[in-house]
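Please look over the sequence and the fold before reading on. The report below takes a few regions in turn.

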Amino acid sequence: MNIHFIAIGGSAMHNLAIALKEKGYHVTGSDDAIFEPSKTRLDKRGILPNEMGWFPEKLSADTDAVILGMHAHADNPELARAKELGLKIYSYPEFLYEQSKNKTRVVIGGSHGKTTITSMILHVLHFHQKDVDYMVGAQLEGFDVMVKLTKDNDFMILEGDEYLSSTLDPRSKFLLYQPNIALMSGIAWDHINVFKTFDDYIEQFRRFVATITPGGVLVYNEEDEEVVKVVDAAENYFRKLPYKTPEYEIVNGVVNLITSIGHIPLSVFGQHNLLNMEGARLICQQLGIMEEEFYDAIMSFKGASKRLEKVERADKGILYKDFAHAPSKVKASVKAFIEQFPKQKKHAFLELHTYSSLNPVFLEQYDGSMNGVEEAVVFYSEDALKIKRMEPISPDMIKDSFKNTDLKVFTNAEDLHSYWSTLDKTDGVYIMMSSGNFGGLDLTK
């Protein structure tokens with residue numbers, strides 16, 4: 001098959017392109033900008049575009065399918081050419097469904113935790129040499145490419161995102177997968193630029209539950225009030241498996257699960273991670289992995305990329321970077337950090353980077369999220385607000401929203417970097433939360 005990617009450089013898109021190349025398809029693609037690690041990984045497989053930009057001439061009647069990335073706009077010239085030729089155009093999730101419609105599809109959904117849960121499941125299956133197809137949004141130790149598609153595997157594990165599918169398809173991505181087995185980790189309003197009200201957002205999860213195949217299974221977090229409401233209101237037939245935070249204790253800085261087969265020492269920490277782990281355990285159980293086998297494997301799980309990931313520093317300072325940016329994620333990560341390091345001075349840095357997190361209406365969701373640490377710092381770029389054509393936000397508005405008068409607020413990357421250089425990184429512990437990079441801050445120095 002000849003497959004062309006419009007916006008091939010995205011984190012998900014480039015992984016799918018590589019997976020299809022490895023499957024034996026002829027793959028081409030275009031983008032207006034490609035960054036690392038996508039650039040090197042595509043180049044290594046011989047599918048990096050020779051030059052940046054959009055080239056309608058890359059498409060012809062011989063193109064079997066076009067995969068359209070979210071980054072591509074409706075007026076994209078390659079998209080116009082594909083329509084003109086009458087080519088089959090897929091969104092990313094639509095194509096994944098086509099590749100997995102004859103398999104048992106396991107879809108992990110939720111506002112938070114879905115990447116970690118999917119990663120935990122794949123880690124356990126990989127540990128026990130159980131081969132499955134998959135798609136996950138973060139790099140995982142022991143895996144080269146985070147999409148795998150085969151003809152023969154029986155199962156497909158999919159991270160189910162509630163964001164829009166493409167510029168042509170406004171449906172949430174996870175609505176296209178039609179899971180046989182599903183998980184819902186939690187619901188906390190996100191993507192305010194698309195889902196204008198909380199009910200609009202919750203509606204996507206109601207629809208997600210309605211897509212579970214008849215007689216399927218839903219594993220769900222019974223500690224989340226909104227999740228329970230959605231599950232209780234569902235009218236379709238499926239088996240319900242609730243989960244909650246397992247018993248645990250921290251001994252000499254190591255988190256131990258308290259189980260029926262004894263204490264299980266873990267390489268990760270945080271109550272939210274243990275909750276995620278319990279959901280992953282129930283999914284693995286549906287895939288034939290017994291309790292003891294799960295614990296045997298999960299002990300060596302070190303976390304998904306950028307999820308409470310420890311940064312190695314030459315000065316031996318203790319610093320973790322975390323993808324947390326939405327309010328519920330920030331609260332969970334800060335809570336985990338406080339619990340894990342009760343005696344050390346705790347420094348928490350947060351970058352407000354997304355459309356939602358820079359919206360004055362949404363900012364109120366961060367109330368109390370940075371409380372409990374000795375130093376709390378928030379950074380956002382005034383330039384980013386101008387680029388996004390958003391209203392200015394004052395530091396006082398940030399402090400009011402977070403309900404934290406001691407909050408340090410930086411609006412300029414240079415000022416943040418200057419302040420960072422004055423800190424002794426061996427004094428206490430640091431957590432750096434962002435979906436960006438703090439204006440290019442080097443966390444190893």
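## A predicted model

This is a predicted model. Keep that in mind for each value below.

Now take one pair. Strand 1 (residues 2-6) pairs with strand 2 in the parallel sense, over 5 bridges. Ile3 stands opposite Val27 in strand 2.

## A domain from the record

UniProt lists residues 2-102 as "domain: Mur ligase N-terminal catalytic", in an unreviewed entry. In the model, the span of residues 2-102 is 38% helix and 17% strand. Its end C-alpha atoms lie 22 Å apart.

Thr116 sits in helix 5 (residues 114-127). Is Thr116 buried or exposed? Its relative accessibility is 7%, so Thr116 counts as buried; the cut-off for buried is under 20%. Leaving out residues up to four places away in sequence, Thr116 touches Asn273, Asn276, Phe301 and Arg307.

Val311 belongs to strand 15 (residues 309-311). Val311 is buried too, with a relative accessible area of 10%. Again leaving out residues up to four places away in sequence, Val311 touches Gly317, Leu319, Lys321, Leu443 and Thr444. Val311 and Asp415 are 104 residues apart in sequence. In space, they are 23 Å apart, C-alpha to C-alpha.

## The two sides of helix 13

Which residues of helix 13 (residues 395-402) are buried? They are Ile398, Ser401 and Phe402. These residues cover an arc of only 90° around the axis, which puts them on the same side of helix 13. On the other side, Asp396 and Asp400 are exposed.

What do the buried residues of helix 13 pack against? Their partners are strand 17 (346-351), helix 11 (360-363), strand 18 (375-379) and strand 19 (408-410). Just after helix 13 comes Lys403. Lys403 takes a positive phi of about 55°.

Note on methods
Residues numbered from 1 in each chain as written. Predicted model: local features only at pLDDT ≥ 70, side-chain atom pairs only at ≥ 80, totals over all residues. Heavy atoms only, no water. Pairing = 2+ DSSP bridges. Helix = DSSP H or I, 4+ residues; strand = E, 2+ residues; numbered from the N terminus. Buried < 20%, exposed > 50% of the residue type's maximum accessible area, 1.4 Å probe, protein only. Contact = heavy atoms within 4.5 Å. UniProt positions renumbered as here; feature names shortened; annotations may be inferred. Arc of directions from axis to C-beta.
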